[in-house]
Each structure stands twice: as C-alpha cells, then as structure tokens.
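Trainee: Hi, could you walk me through this one? I'd like to go over the fold, the helix packing and a few single residues.

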Amino acid sequence: MATMAGVPTTPGPGQVPPAHLRATNQDREHVVEHVKAAYAEGRFDKLEFDDRLERAMTARTHGDLMPIMTELYGTQVAPQLAPRPAPVRPQPITGAPESNERLGAAAAHLLVLLGIPIAGPLILLLTGGRTSPYIRRHALEALNFQITVVGATFLLPFTVIGIVLVPVIWVASVVLAIVGGVSALSESNFRYPMTIRLVK
C-alpha cells in the first residue's frame, strides 16, 4: 500500500487493495451481487451458492473477499471487485387500464341492468376499486348516480309531476348506464348529469 509521509493512503482505481484492508459494506454487497449473478447463470449449485454467499456476507477483510472473486472469474478479474451492472428490467406501462380493469369499470355501470343499481357499483368499489384507480373512478361515479336516482324515485312521487317523471328518470338512467359502460370499455371518463356526489 502506498504511503505519504508515513501515512497509509487508499488504493486508487484499478489498484489491488491489501488483503488486510477492512472490507466495507459496499465491498461485501458488490461480491454478493457477483455471487448471485453467477448462481443465476448456473455456474454452481445451491450448496455452493449458500457457501459463497455466507463467506461474502461475513467477510471482514479484502483477503476474505478475494478468494470468492477468484473462484468466479480467475486471478485476472478477481482483484477488481467492481459491481456487475444490474440488468435493465422493463418498466411496466402505467396509465392505460388493462382489459380486466375496463371490464370491472364497465360492470359498475351496467349492473343496474340486472336490478342491482346501488349494490353493483358498491361491490366493484370495495373490491376492484382498492387496487385499480380506474375501476374506483367509474364505480364512484356510477354509485353516486344510482343513489341520486333511487333518492329521486322515493321523493318525486310526492308531487304530480314527480309521478310522471319517475319512469322517465329510470329509462334515462338505463340509457346513461349503458353509455357509461361503453365509455369505460373504451378507456374514457364519464360523468353522469344531475348527480349528487355524496360518496367521495
């Protein structure tokens, strides 16, 4: 190891660190990455992998780490102790909803056709809406609209005009639910008109 006025200096890039030099956590992690990569390539079995992994993680000096690298790459490559570049993993595409999300969002609108106007979107909100913002957005909109329609169904019959309007409202709600379902399948946002949005 080079010295300056009797004071030890740290080895420079490309120089071999002395065997007695204490290994840092980063040094140990570098060797562990090489061991994992070699095992993934099938260069040794599980028992050999566990042995090298334990030796690397418990190494105290560079002298403890060097034999592991020598076993992997030979004497020419071992002293470098450089981390192998991590493989580039493709990032998942975000933003566009998947097919199952589109189906779930559409179901939140269309379940009214089966006679479950409030329970349908509520179930979708509590299940698929927990993991999919797309399903949650459509289920919330459908739920608030159906709550508004059911509320109007109970309140409007107290007036003469209301009695006439109730059938019209229900026909319109079915049409709008179909439009909402189609919009959900086509990855579009949909907002029901004249809706009291009680659920956020």
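Mentor: Happy to. One definition to begin with: helices here are DSSP runs of H or I with at least four residues, strands are runs of E with at least two, and both are numbered from the N terminus. Also keep in mind that this is a predicted model.

Trainee: Good. With that numbering, where does methionine 194 lie?

Mentor: Methionine 194 sits in the segment after H7.

Trainee: Is methionine 194 buried or exposed?

Mentor: Methionine 194 is exposed, as its relative accessible area is 77% and the cut-off for exposed is over 50%.

Trainee: What about phi of methionine 194?

Mentor: Phi there is near 50 degrees, which is a positive value in a residue other than glycine. For context, most residues other than glycine have a negative phi.

Trainee: And what is phi of glutamate 187?

Mentor: For glutamate 187, phi is near 65 degrees, again positive in a residue that is not glycine. Glutamate 187 is also placed in the segment after H7, and with 41% relative accessibility it counts as partly exposed.

Trainee: Let's zoom out. How many helices and strands does the protein have?

Mentor: There are 7 helices and 2 strands. Starting at the N terminus, the order is β-β-α-α-α-α-α-α-α.

Trainee: How much of the protein counts as buried?

Mentor: Out of 200 residues, 36% count as buried. The accessible surface is about 12,700 Å², and carbon and sulfur atoms hold 65% of that area.

Trainee: What share of the contacts comes from residues 24 or more positions apart?

Mentor: Such pairs make up 62% of the contacts with a separation of 6 or more.

Trainee: On to packing. At what angle do H6 and H7 pack?

Mentor: H6 (residues 133-155) and H7 (residues 160-185) pack at about 175 degrees, and their axes are 10 Å apart. Angles over 145 degrees count as roughly antiparallel, so H6 is roughly antiparallel to H7.

Trainee: Which residues make that contact?

Mentor: From H6 they include Tyr134, His138, Phe145 and Val149, and from H7 they include Ile169, Trp170, Ser173 and Leu176. By class, the contact has 9 nonpolar residues, 4 polar and no charged.

Trainee: Tell me about serine 173 then. Is serine 173 buried or exposed?

Mentor: Serine 173, in helix H7, is buried, with a relative accessible area of 0%. Beyond its neighbours within four places in sequence, serine 173 is in contact with Phe145 and Val149.

Trainee: How do the axes of H1 and H3 cross?

Mentor: H1 (residues 25-40) and H3 (residues 62-73) have axes that come within 11 Å and cross at roughly 20 degrees. That makes H1 roughly parallel to H3, and the crossing is left-handed. Among the residues in contact are Val31, His34 and Val35 of H1, along with His62, Leu65 and Ile68 of H3. The classes here are 8 nonpolar, 2 polar and 2 charged.

Trainee: Last one: where is histidine 20 placed?

Mentor: Histidine 20 is in the loop between strand S2 (7-8) and H1, and it counts as exposed at 57% relative accessibility. Its C-alpha atom is 6.4 Å from the C-alpha atom of histidine 62, although the two are 42 residues apart along the chain.

Key
Residues numbered from 1 in each chain as written. Predicted model: local features only at pLDDT ≥ 70, side-chain atom pairs only at ≥ 80, totals over all residues. Heavy atoms only, no water. Axes fitted to C-alpha atoms, helices over the stretch in contact; angles between N-to-C directions. Parallel < 35°, antiparallel > 145°, perpendicular 65-115°, else oblique. Left-handed = near helix turned anticlockwise from the far one by under 90°. Contact = heavy atoms within 4.5 Å. Nonpolar A, V, L, I, M, F, W, Y, C, P; charged D, E, K, R; others polar. Buried < 20%, exposed > 50% of the residue type's maximum accessible area, 1.4 Å probe, protein only. Areas by Shrake-Rupley, 256 points an atom, 1.4 Å probe, with all protein chains shown as cover.
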